[in-house]
Amino acid sequence: MGAGDGDAAASKEKGGSGGGGGGHERTSLDGVRDKNVMQLKKLNTALFPVRYNDKYYQDAIASKDFSKLAYYSDICVGAIACRLEKKEGGAVRVYIMTLGVLAPYRGLGIGTKLLNHVFDLSAKQNISEIYLHVQTNNDDAIAFYKKFGFEITQTIHDYYMNITPPDCYVLTKFIGQAATKK
């Protein structure tokens with residue numbers, strides 16, 4: 001698996017309580033830094049069938065506020081890790097490398113809070129495109145992202161090397177001015 005690409009961002013978060021959930025007041029976000037990157041490593045080991053290399057963690061730290069750890073009652077229970085990519089012409093887009101919440105904490109709005117954080121930051125920085133890869137059989141994650149306006153824009157066969165099925169969808173969301181281009 002290359003450079004942190006492609007785990008499926010397998011959040012599998014349940015829609016839960018429609019955003020008003022009981023988790024918001026007990027949930028806080030913290031940036032991913034050298035001193036706490038082990039938290040992200042532990043979460044990824046528990047959440048995903050893929051092992052990430054050092055470049056993934058360097059990208060997560062380098063993306064600054066775009067990568068966050070989520071704490072519920074001071075326990076690290078979820079994270080979003082992004083990479084900022086320059087497109088031709090100089091525009092920047094956000095690649096969500098991973099988004100996950102530990103199973104007992106799903107449905108509390110934590111994944112929603114992490115994703116909304118990236119949407120807000122993208123809007124403030126005039127970033128109009130956010131995308132990710134999801135394993136084609138990860139129905140929960142696909143439904144989760146579609147709820148936020150992501151659309152399947154591509155299917156890539158044999159994207160994953162060591163998991164079945166090996167295929168993924170690329171899910172993309174355009175925000176701000178680019179959203180009107182449909």
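Proline 165 sits in the loop that runs between β6 (151–156) and β7 (168–174), and a cis peptide bond with an omega of about -5° joins threonine 164 to this proline. Keep in mind as you look around that this is a predicted model.

**Backbone in the loops**

- Serine 73 is found in the loop between β2 (68–72) and β3 (75–86).
- Though not a glycine, serine 73 has a positive phi of about 50°.
- Serine 73 counts as partly exposed because its relative accessible area is 32%, which falls between the 20% and 50% limits.
- Asparagine 126 belongs to the loop between α3 (110–124) and β5 (129–135).
- Asparagine 126, also not a glycine, has a positive phi of about 55°.
- With a relative accessible area of 60%, asparagine 126 is over the 50% limit and is therefore exposed.

**The largest nonpolar core**

- The largest nonpolar core holds 29 residues, of which Ile96, Leu115, Tyr145 and Phe150 touch the most other members.
- At least two residues of this core come from each of β2, β3, β4 (92–101), α3, β5 and α4 (139–147).
- The biggest contribution to this core is made by α3, with six residues.
- Leucine 115 touches Ile80, Ile96, Leu99, Phe144, Tyr145, Phe148 and Phe150, leaving aside residues up to four places away in sequence.

- Another core of 24 residues lies apart from the largest one, and its members include Val50, Ala60, Cys76 and Tyr95.

Conventions
Residues numbered from 1 in each chain as written. Predicted model: local features only at pLDDT ≥ 70, side-chain atom pairs only at ≥ 80, totals over all residues. Heavy atoms only, no water. Helix = DSSP H or I, 4+ residues; strand = E, 2+ residues; numbered from the N terminus. Buried < 20%, exposed > 50% of the residue type's maximum accessible area, 1.4 Å probe, protein only. Core = buried A, V, L, I, M, F, W, Y, C linked by side-chain atoms within 4.5 Å. Contact = heavy atoms within 4.5 Å.
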